[in-house]
Amino acid sequence: MSTQTPVLATEHLKKIYGKGESIFTALESINIEIKKGESIAILGKSGSGKSTLMHILALLDTPTEGVVSVDGTDASKLSVKKLDILRNKQFGFVFQQFFLNANQTVLENVILPLKIAGVSAKERTKRGMEVLKSVELEEKAQNKANDLSGGQKQRVVIARALVNEPQVIFADEPTGNLDSVTGAAIQKMLFTLNKERGITLIIVTHDHELAAKCDRLLEIHDGTLVKGA
Amino acid sequence: MKLTDILKTASENIWQSKLRTFLTIIAIFIGAFTLTLTTGIGAGISQYIDGQVSSIGAKNVLLISGKAQSSTTTGNSTDPQKYDPNKLTSAQRQGPPGDTVVLLTDTDIQKLKSVPGIVDVRPQQSVSPSYILGPSGQKYILSVSEYIDGTNVAMNSGVIPSNTATTTQIAVPYNYSSVLGFASYADAVGKTVTIGISDANGLISEVSATITGVPQKSLIGSAGASINTELFNKLYAIQSVGLSANSLNKFNGAIAHFDASYTDAQITDLKSRLDKDGYTGETYADRIATVKQVISAIVIVFDAFAVIALLAASFGVINTLLMSVQERTKEIGLMKAMGMGRSQIFFLFSSEAVLLGFWGSFLGVLAAMGVGQIINRVATHGFLKDFEGLHLLAFPITNVLYIIIGIMFIAFLAGTLPARRASGLNPIDALRYE
């Protein structure tokens, strides 16, 4: 395993917000390596910098200093277009607030990444239905996203994250909005994907119980890694 | 994202807020409707005028007159001109106030005949009959002019007089038909009328002529009767009795036919050559140009109002889309996180603007064309009844397409501001946005 190129790695990562008096260091000298198929929890209190770290790892944000590499490639060397394609093909996102389009059907929401990728309508529907089947929501495909329960919505979000067959799924407080029973089901689903399909899972959470279920724990406090580097 | 998917998504998006979209489309609709109607009037009238131009004059005819100003004159042409005893001027003013008409003589006619490009020249002579008399027994005043070969005249009935005919022929104006005592236009054709004309001594002689047809009412053509050469010559002979040879040798102008194959550039050249020789040559199209200019100026003013309405509508488009960007901040952030590029987001929102423009203009143009049909129908049976062939409004397909494309372009410009705002959103900020 040690010879394998890490799917995501950072070197001396630093993120500073603001200038002069109001300067704020969100992240300081973060060095991490995430191997393919790992499940990682980024644990920290709110304001600790865990979300910033996830955004930088997901290439949604750029570090002030340091390097992020994806499969050994320095992300700062990639064009904006390449980054867009990389996020579209390799990453899946699961958010606490779902971010589903309430007016569209479940299927339409799920196939959004494929639509962005330029996949044909026929292929989109086929793959969308397959992935909805895997989260056991194929009967709800034509329902409006708004008509679903919280747990169902989060399953739609997972289906959407999966539809592009990504290498990495980023989950930001995936169970934060759910009751404990539903939350447990969603957790189980995420870990199953991690184990069975080898998808690298990066979960941002302040929930110690959820973090403990991951292969590795990165605890972050005031912008520095205190555990798990 | 594929082009068709972007357009489809844009189309779905604009209908997510139905009332707002509907109101924005109404604003564009009003602008498009007005613009289509005003340009429709312009097109309708100019189509009619073009038709009239071809009816009053053959294309290869030049109306030649003497130039008022002498070649030594400098300065503005509206300045008073110096008297030149070598140039004949008409006693009565024939042109607009300020113009002095220079009369032509046989010498001028001979000179004009030698100008390259000119095929034939005839002095412009006029006859002024005293009256026309029909079966009704009542005499009416009438002005006549000789039919110029090559002129198209739209007829109510019958045909135009023939200049090669050896009999006297006349086409009486449509409004003379019934007062002369004919039951209908068709009834008048083939009948005989009597024309009275006085000589220089005041003695009236009568000439009879056969009616060959009744022309339609024309907006800018001559209001008098067209007569053939045979009738003209007879009337002219009577009118000339008692006039001195000197006064017979003075013409207001000349009518020349030039080479029919001449291009516009060659016609311009011919006119400038005539100008150098001291003559002014005008085609019928030149004469009508002023009328067209006035009409297009009026239409431009109307169009300006419509464009103002469209400008107001474009702010509606900006507003609608800005609200839409605001509402869909998270959606935009999500799409960007999922790898949708800036340019694609920009394109998506511009497409929404262009679609608003399309629906507004398409419906506006359609409604204007419908209303135009109704107006045309009412007008041709009402106040424009006598103007055969005049459709107040015309909608050539090119005009309609220009309007739709133009409005879509305006909408696109209006959409660039919201679209730029959307494409510039930072996905992280957008997703955090509550």
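This is a predicted model: local features need pLDDT of at least 70, side-chain atom pairs count only at pLDDT 80 or more; totals for chains, interfaces and linings use all residues.
Residues are numbered from 1 along each chain as its sequence is written, chains are lettered from A and ligands numbered from 1 in the order in which they are written, and side-chain values use heavy atoms, with hydrogens and water left out.

Chain B holds twelve helices and twelve strands. Helices (H or I, at least four residues) and strands (E, at least two) are DSSP runs, numbered from the N terminus. Of the 434 residues in chain B, 43% count as buried. Here buried means under 20% relative accessible area, exposed means over 50%, and partly exposed lies in between, with a 1.4 Å probe and protein chains only. Contact means heavy atoms within 4.5 Å. Among the contacts in chain B between residues at least 6 apart in sequence, 80% join residues at least 24 apart.

A first helix to look at is H7 of chain B, residues 264–276. H7(B) has 13 residues and reaches 19 Å from its first C-alpha to its last, close to the 18 Å expected at 1.5 Å a residue. The expected span is 1.5 Å times one less than the number of residues. Which residues of H7(B) are buried? They are B:Ile267, B:Leu270, B:Lys271 and B:Leu274. Seen down the helix axis, the buried residues of H7(B) fall within an arc of 95°, so they line one face of the helix. The arc is that of the directions from the helix axis to the C-beta atoms. The face of H7(B) turned away from the buried side carries the exposed residues B:Ala265 and B:Lys276. The buried residues pack against several elements of chain B, including strand S1 (61–66), helix H3 (106–113), strand S11 (253–258) and helix H8 (284–327). Just after H7(B), B:Gly278 takes a positive phi of about 95°.

Next come pairs of helices. Two packed helices are described by the angle between their axes and the distance between the axes. Axes are lines fitted to C-alpha atoms, for helices over the stretch in contact, and the angles run from 0 to 180 degrees between N-to-C directions. Angles under 35 degrees count as roughly parallel, over 145 as roughly antiparallel, 65 to 115 as roughly perpendicular and the rest as oblique.

The axes of H1 (residues 3–14) and H10 (residues 342–381) of chain B come within 8 Å and cross at roughly 60°. H1(B) and H10(B) are therefore oblique to each other. H1(B) passes H10(B) in a right-handed crossing. The contact is made by residues that include B:Leu3, B:Ile6 and B:Ala10 of H1(B) and B:Phe347, B:Leu355 and B:Trp359 of H10(B). A crossing is left-handed if the near helix is turned anticlockwise from the far one by less than a right angle, and right-handed if clockwise.

H10(B) also meets H8(B). The axes of H8(B) and H10(B) come within 11 Å and cross at roughly 140°, and the two helices are therefore oblique to each other. H8(B) passes H10(B) in a right-handed crossing. In H8(B), B:Val317, B:Thr320, B:Leu321, B:Ser324 and B:Val325 meet B:Phe349, B:Glu352, B:Ala353 and B:Leu356 in H10(B).

Loops can hold buried residues too, as B:Leu142 shows. B:Leu142 sits in the loop between strand S4 (139–140) and strand S5 (144–146) of chain B, and at 5% relative accessibility B:Leu142 counts as buried. Not counting residues up to four places away in sequence, B:Leu142 touches B:Pro129, B:Ile132, B:Ile170, B:Pro173, B:Tyr176 and B:Ala225. One of these, B:Pro173, is 31 residues from B:Leu142 in sequence and 9.3 Å away in space, C-alpha to C-alpha.

In chain A, the loop between strand S8 (168–172) and helix H7 (180–197) contains A:Thr175. A:Thr175 is buried, with a relative accessible area of 12%. A:Glu173 is in the loop between S8 and H7 of chain A, has a positive phi of about 45° although it is not a glycine, and counts as buried at 10% relative accessibility.

Helix H2 (residues 80–90) of chain A has buried residues, among them A:Leu83 and A:Leu86. What covers the buried residues of H2(A) includes strand S5 (65–70) of chain A together with helix H9 (329–337) of chain B.
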